[in-house]
Every structure is written in structure tokens, then in C-alpha cells.
Amino acid sequence: MSRSSHQAATPLLSIHDLHMRFEKRRSLSDMLAGRPRQVVSALNGVDLDVMPAETLGIVGESGCGKSTLARCIAGLNRPTSGDIRFEGESVIDLKGAKRRGYNKRVQMMFQDPYTSLNPRMTVRDTLREAITVHHMREGAGVDRRVDELLDLVRLPDGAADKYPHEFSGGQRQRIGIARALSLEPTCLVADELVSALDVSVQAQVVNLLLELQDNLGLMVLFVAHDLRLVRHVSHRVAVIYLGAIVEIAPSEALFSKPMHPYSQALLAAAPSLDPTARRRAPALSGELPSPLDIPPGCPFHVRCPHATALCRQEKPTLRPVGPGMTACHFAETIAGA
Amino acid sequence: MHQIEKETVLDVRGLRTEFGLAECPLVAVDDVSFQVKAGEILGLVGESGSGKSITLRSILGIVRPRGRVWGEILWKGRDLVPLDEAALRRVRGREIAMIFQEPMSSLNPLLTVGLQISENLAAHTDLNSKERKARAIELLDMVGIPAARNRLGDYPHEFSGGMRQRVMIAIALASNPQLLLADEPTTALDVTIQDQILRLIQALSRDLGMAVILVTHDMGVVAETCDRVAVMYGGRLCETGLTADVIADARHPYSLGLLRSIPRDVAPRTPLYSIPGAPPSLNALPAGCAFTARCPVAGPECRDVRPSLETTGRQRQVACHHREEALIHFSAREAAQ
């Protein structure tokens, strides 16, 4: 699907000014000293529209809030403020049957294939549980559906009656995909789906995901730190820094010409396969500041080589630059240089 | 090239490490031979279970008493295999140092980092306590920890992941080692921090003339950091050579497949090349080539006859019966894409 048709259609998922704060427990000594409660600001005003059948890649350093965003969308965390709309309807305060209906539509796949499956349930039990709880099939239809699903993710015959420990990491991730697909969702949230797998197995799982997405018309949120893979699977990519999107653009545009200085540094730091392109100095110095204490102004100014007085005072907003959106005061001059 | 004149510091010949019962051993490393020169960075690449970490641990003699090691490990001409613990301890940590994958679990959480650095200095140098403190500050400074003087009294939990890995490197460098064994030093870190640590290891190797063996599963890390590379599969070496040569022109079907499965120069969202199957388990290795079951060009003899590592060019060795077919197979695929 081309980008223009994305813009014409209405978004399937629409996120507006999403904030997520986790309050730290105050210790006794903090209370006695009268220190205020510390707050981790995991998400600071995320705005995002995702179209049906689109793959949105989400990249950033660990601790930047990309998993929190995924968990908020999947309904595993309740955001502090802001709104998440799915097919035009707010999903934050859904209750009862409507909540179950939403949970069915949006399915999450987890990072660790070893801890995300119940070791005491066979694959059949795992899939049957999901199918029967949500009344997807009745009677003999349940087992037929299990076989169908295992066929869909290309697990061998007889896999249904085995336990998770009898499978390799790649096969377990396929079971996780089958479990997510058992509810016939429209949106898949893949949080580091392949990062625990060996390189030679990663490609198998990525190929399966791409094929299923095309066949079933799914929307996929692909959260990952492997930039080469994100580039390969995504239509658009969002770069997150300290809980806010600093750049969002079509995948090819972002990877060939990043506009935000953080995106530029992140791409430069990723190891390239070209031994002639070696650098002596690291692409980005310093570390992600603590989300307990986010710098004022542009949150990236403490590590940014181009920072000025303006960056230290005023937080840039996400605005159209080139083919995408960038939150940087000087995006045009920096990208042009 | 200037590398050729440098002396070989480590010469591993026919290394074999096995575990378990003597009647039916699990052979983790099988007939592995390689050399490392002073100031050279050798990359050891392979997927999990390929024996790369056990190779490093065998060099230091830390697989005993459970593991049994055969072959020769010539450290500056002296064989380390027959040495007892007391003699090994004079080499281990002093002339050969190691850094591990997880900086959190390799540091003692109850001791300050200053103490952990001086511990190593006390064991391997004649410095008094004042000199040890000065040297500890110098080392933390060298690995790029800001305000090193104030951080000696800090505990490991007060450091971030990247900073902890720097502390590990500082401890390893305390005794001025001539060989650094780095076991996936950046796997748990973000790309930006990985980039900083790799540039640091590169600079230290260049400035101190230190030899480094870098174990990794990421071909990108090898391309950016290593002078030479050795690819391991199923406990055996399948290809060695200069990094640029191997990446531009791999010859073993496994290295060819591994490089091909990394998305680069392929149209977005097209199926990636994937090596079929999963890595073999150690108790089911064939007598012949370990890659037989997943190899697209395997013939009937591959299962039974072990291919030897043959020299095929300048500093280049490949262990495969069907080098020509492999090249034709993979170049045909390339043309099709």
C-alpha cells in the first residue's frame, strides 16, 4: 500500500497526546526528609496515526518508552492521560464485553520465547484456551482451528500435542504468533519479536510475519532495536527519544536521509556491513538521561552536537519536514548540511 | 601490510573441549586452530551453541573441572593446557584478561568498583595502596568514565549498563594484559552504547598493542571492529580470513547464508533469504560436516566425511567439500533477486 492511500484512508489506530507516568514508591527516609515523590515519565505526549494494513516500526534506545507505548496500545498499561482511539472509538475506559472485544482485535506478541508460553500446557491447550475463552469456535471446530493455525505458522504435524520445551526458539515464536492470530485480530503488536533468536532463524520468522500480514491485511506495530530489520519490514518508522517521537517518516526516507540529529546518530551507530566505512570516534557520546529527570527544552540537547540556547529553553514540536515529521528547531539546516 | 611483521602471541592448535561422560561426550569445540597476533582483533562469529564462548573459556582454563580440554594452546610459545591451577593463575588475569557478556552479573554488587579494580591490581602488580588508587582512577579515566575520581566509592548498581561494561574493561586492563578475551561484550547494550564500547576496544588495541579475540553473533560488529574473522558452526571452524574478504566474498555455505539473511540491498518487505532448519544440538552432530542438514549444496559424502580447513587464498581458509557449487548456488540466487 502506498503512502498516499494511507493518507486518504481513516486511521485504524489514533493516539493523541499520550502520557504515561509511573510513580516511584517513597522510602521512609524520603518521607522524613520531606522529599517529593519521584515520577518516571515513560511517555511524554505521543501523537500517532496508524493506517489499516500498515507496518509501523518503532525504534529507540532501551528506556525510551517504546515498550511502554506498545503495552499501552495492547491495554496492558492504563495511560496517565491522553487518548487512544481504535476505529474512531476511545479504548481507554472500555469495560466488560467492549473491552474483551478490543482485546481480541489487538494482540501482542512478546520478546522472550522461553517465558511467554506456559511450560505445563501443550501447544493445543495454549491455543484452545484463547479460542474458547473468546468463543471463536465451538465443539469440534476448536481443534480444527488449532490445526489450521499451526499450519498457518508452518509448524510440523504433531506439534499440537507437544510442550513448549520440545521446540526451538524460532518455533516457540511461531507458537506465540499462532496464539495471537487465534483471535483473528486486526492489529498485532510485536515487541522485539525476533531479537532473542539467532540471525539464521530471524529471517524465517520475519518472512512468516510479512506473509501473514499481506494475506490477512493486518496492521503491525514492529518494536525492535535492530534497525536493518525495522527498515526491511516497515512502511513507516517512528524514532522515540525519552518518551516522545522525535521523527516519523516513511521507512526509506528516514533511513536514507534522517532529519533529526538523534535519528542520524542512531543510524550511524548501527554496525554496518561495510568494513571500509569504519569510524574511529563513536557516533553519539553520552547516555540516555534518566526518565526521572528529563532535561528542559529539547530532551536531546545534552547529547546533541548542534544544540543552541534555543534548544535548552524551548521544546520543539513535531512538524512536517521533508517527507515526514521531525521535532527539531534546526532540522532543515542540520539535514541540509 | 604491517600486520604480517607482528609476532603471533596466541597459537591454538587442534583444540577440543568436551563435557559429560567419557563414553558419550558432548563435544563443544572440535579441532579448532587459529592464531592471534599482537595488536590484532580477531572476531569469532557463530550462533548460540556453536562453541565460541567455550573456545574462549578453554583458553583461560575456566571450563575445568567439568570440561576436558585437548590440543595445544600456545601462549607466547608455552602450552597452557597441561598447566595446573597455580601456574595458570599467573597467566590468567595478568597476561590474558577476559570480559563477560553481562556486566551486571559479572561485578560483585556488594563491593565498590574502586575496590574491585584494586583487587586485581593487588593480585597482579607490586603497587602500594596509594598507587593502586591512583592507577584505578587512571584506568576509569582511560575507559571514559566521567569524573572517575568521585566514582571509585560507587557500587555497580549506581552505574548504567554501558558504564558497568566500561568498569569491567577497566578491571581487565588493570594488569596490562597482552590478550583480551571479550565474550559478547556489547550484546546486552544499545547500539549507541555498543558503538562507544567497540570504538574503545579498538582504540585500546591500537594504542596498547593488545591482541583481542571478540566473540559475537553480529556480522555488523565484526565488519566494524575486527581485522580477521573466524566463523564457527557446531563447534568447528568453517571459514577464516580477513574481515573485508570474508564479508565481500564468503565461500562457506553457512557464512554465505548468514550474510544473505541480513537485510541489505534487498527490496523492502520482500522475503529474506533464510537458512532452513535450526542449529544442531551437540549430541546429534554428524560425523562429517556439521552444516550438512541445513546446507543447500550438501552431497552424500558431506554427512560422513569431515571437510578439513583448506587454504584457498591469502590468509583464507574454508572447510567445505562443495565450494564451487556453493558459490554457483548463491550467485544464482543473487541474480534472481
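This is a predicted model: local features need pLDDT of at least 70, side-chain atom pairs count only at pLDDT 80 or more; totals for chains, interfaces and linings use all residues.
Begin with the UniProt annotations. For chain A, an unreviewed UniProt entry lists "domain: ABC transporter" over residues 13–267. In the model, that stretch of chain A is 39% helix and 25% strand. Its end C-alpha atoms are 27 Å apart.

Now look inside chain A. On the α5(A) side, the contact uses R124(A), L127(A), R128(A), I131(A) and T132(A). They meet V142(A), R145(A), V146(A) and L149(A) in α6(A). By class, this contact holds 5 nonpolar, 1 polar and 3 charged residues.

Turn to chain B. Two domains divide it. Domain 1 is made of two stretches, 2–95 and 177–336, while domain 2 covers 102–176. The C-alpha centres of the two domains of chain B are 30 Å apart. Where they touch, 11 residues of domain 1 contact 14 residues of domain 2. Which helix gives the largest share of the domain 1 side? Helix α8 of chain B, residues 191–208, does, with 4 residues. The domain 1 side of this contact has 8 nonpolar residues, 2 polar and 1 charged. Keep α8(B) in view, for it returns below.

Next, pick out helix α4, residues 113–124, and helix α7, residues 161–173, both in chain B. They pack at an angle of about 25°, with axes 8 Å apart. Angles under 35 degrees count as roughly parallel. α4(B) and α7(B) are therefore roughly parallel to each other. The crossing of α4(B) and α7(B) is right-handed. From α4(B) come V113(B), Q116(B), I117(B) and N120(B). From α7(B) come V167(B), A170(B) and I171(B). The contact of α4(B) with α7(B) counts 5 nonpolar and 2 polar residues, and no charged ones.

Finally, bring the chains together. Their contact takes 36 residues from chain B and 37 from chain A. On the chain B side, α8, α9 (219–225), α10 (243–248) and α11 (253–260) each supply at least two residues. Which helix gives the most to the side of chain B that touches chain A? That is α8(B), with 6 residues. The chain B side as a whole divides into 17 nonpolar, 11 polar and 8 charged residues.

One helix pair spans the two chains. Helix α11 of chain A, residues 261–269, packs with α8(B) at an angle of about 55°, and the axes are 8 Å apart. α11(A) and α8(B) are therefore oblique to each other. Their crossing is left-handed. A265(A), L266(A) and A269(A) of α11(A) make the contact with V191(B), T192(B) and D195(B) of α8(B). That contact divides into 4 nonpolar residues, 1 polar and 1 charged.

Within chain B, α8(B) gives the largest share of the side of domain 1 that touches domain 2. Between the chains, α8(B) gives the most to the side of chain B that touches chain A.

How values were computed
Residues are numbered from 1 along each chain as its sequence is written. Chains are lettered from A and ligands numbered from 1 in the order in which they are written. Domain bounds come from an automatic or database domain assignment. Two residues are in contact if their C-beta atoms, placed from the backbone, lie within 7 Å. Ala, Val, Leu, Ile, Met, Phe, Trp, Tyr, Cys and Pro count as nonpolar, Asp, Glu, Lys and Arg as charged, and the others, Gly among them, as polar. Axes are lines fitted to C-alpha atoms, for helices over the stretch in contact, and angles run from 0 to 180 degrees between N-to-C directions. Angles under 35 degrees count as roughly parallel, over 145 as roughly antiparallel, 65 to 115 as roughly perpendicular and the rest as oblique. A crossing is left-handed if the near helix is turned anticlockwise from the far one by less than a right angle, and right-handed if clockwise. UniProt positions are given in the numbering used here, feature names are shortened, and annotations may be inferred rather than shown by experiment.
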